[in-house]
Amino acid sequence: MSSTADKAAAPDRFWSVDEHLDDILGKIRPLEPIELQLLDAQGCVLVEDVTVPADLPGFDNSSMDGYAVRTTDVEGASEEFPAVLTVIGDVAAGSGELPTVGHGEAARIMTGAPLPPGAEAVVPVEWTDGGTGGGPAAGMAARSAAPDGASGEVRIHRPAVARAHVRAAGSDVAAGALALRTGTVLGPPQIGLLAAIGRATVRVRPRPRVVIMSTGSELVAPGESLGPGLIHDSNSYVLTACARDAGAIAYRVGAVADDADTLRSTLEDQLVRADAVVTSGGVSVGAYDVVKETLSELAGEEGSVDFRKLAMQPGKPQGFGRVGPDRTPLLALPGNPVSAYVSFELFVRPAIRALMGLEPHDRETVRAVCAEAVASSPEGRRQFLRARYADGKVTTVGGPGSHLVKALAEANALIVVPEETTAVEVGAEVDVILLG
Ligand SMILES: Nc1nc2c(c(=O)[nH]1)N[C@H]1C(S)=C(S)[C@@H](COP(=O)(O)OP(=O)(O)OC[C@H]3O[C@@H](n4cnc5c(N)ncnc54)[C@H](O)[C@@H]3O)O[C@H]1N2
Ligand code: MOO
């Protein structure tokens, strides 16, 4: 990592990709935990050990629709010589009052219903006549259509061992056991487990609120017509989508004009709802690069943002700092659309994950064979080429131009050409970041 003294000594030096990322991650702390409703906690990191308050399942219950019986009553039963039992009633899922099954008796029972006292096993309805007096039943008639099914006689065609088709209380997880350990990322199955054990809320690190601001007086919102020299603002959309995809709650701010006062006041307004701010555009060396101009002048309570050149392509000009009274992290990305996207992947995505208390890096990098040559790559810069990866092979899509959004939309990977490599031959192996 570069010290302040290094920077003062060489203000124009190129930062490596790793130095810039280290600088960002070194200054980002995970957000303070809060209690969230289960569904709001999806994708978040748990910050408590969750123990199971009561057995799951909470009671012995049937795993099949069938008949709850005593095993001795069905010993030796067959289709030819069925055991004939008196049906004493129904036990449906949710039944609170249970009939006691005595000798020579059976209760018709539904999947998930509590095993009634006296019964030792469940015989699936397909192994009975379903109370019809005919051959093997395919299922039970609906209670609404045949209320008498809960009475009369049933012929059982097979014997049953004790506990057959019975799910024991606590067989999923017992009371007092650890359900989920602190640090667990809450995906759908973990949320399901929490709900099953009765937890309505959990303590997690929240999703960061990320404000996305694109800048540029040439930008017009999609859906609006273009005047001369104007273009549609795509960066704020792609970056908002990226931020959501990374796990953030993203707030897209419409394009801000290249005007220092507007930028400053918009930023001030947005800081109240931001755990991080991402800007695009205005970080290069032009006369209208207002982000750089405005944010590099911040001082004292306003925080500070450092603008630097990175040894990468695309994504050379970048800014990073902390702004406002809460020292909210701000990442200023270059405006070229591909540069903005690649910069998000490399720097903002890990930053969002760090705010959530997650391992910053989640994109998989694999080795792949280049199916076509890369004619040239700038020496001293790590190049990220848009590509399609499949079955161990990778092919570039589009060229290296940072404006090629169609090719970006076709890519599923980035080829990483190292700083010292200036060309890649067909058949050579390269690192490929899979974009997921
Ligand atoms: N003389 C130099 N010129 C440039 C250099 C340099 O080193 N010397 N660096 C180039 C590189 S590399 C990049 S990347 C860009 C970065 O420029 P800015 O961050 O200042 O971005 P802008 O000038 O605002 O825009 C660049 C380009 O991208 C388009 N753009 C911007 N915002 C959006 C948006 N929200 N949606 C769609 N397109 C957007 C904008 O119209 C420009 O075409 O600077 C190079 N120049
Ligand atoms: O670095 Mo720029 O991001 O090459 O187009």
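## Where domain 1 meets domain 4

In this predicted model, 12 residues of domain 1 are in contact with 14 residues of domain 4. On the side of domain 1 that touches domain 4, the elements that give two or more residues are strand S20 (312–313) and helix H7 (337–355), and H7 gives the most, with five residues. The residues on this side of domain 1 comprise eight nonpolar and four polar ones, with no charged residue among them.

## The domains of the chain

## The surroundings of ligand 2

Around ligand 2 the model places Gln313, Pro314, Gly315, Lys316, Pro334, Asn336, Ser339 and Ser402. By residue class, this shell holds two nonpolar, five polar and one charged residue.

## Nonpolar cores

The largest nonpolar core has 81 residues, and within it Val210, Ala351 and Ile352 touch the most other members. Helix H7 supplies the largest share of this core, namely 12 residues. When neighbours within four places in sequence are left aside, Val210 is in contact with Ala243, Ala248, Ala250, Ala274, Asp275, Ala276, Val278 and Ile352.

In soluble globular proteins, nonpolar side chains tend to be buried together.

Notes. Residues numbered from 1 in each chain as written. Chains lettered and ligands numbered in written order. Predicted model: local features only at pLDDT ≥ 70, side-chain atom pairs only at ≥ 80, totals over all residues. Contact = placed C-beta atoms within 7 Å. Helix = DSSP H or I, 4+ residues; strand = E, 2+ residues; numbered from the N terminus. Nonpolar A, V, L, I, M, F, W, Y, C, P; charged D, E, K, R; others polar. Near = placed C-beta within 6 Å. Core = buried A, V, L, I, M, F, W, Y, C linked by C-beta atoms within 7 Å. Buried ≥ 20, exposed ≤ 12 C-beta atoms within 10 Å, placed from the backbone.
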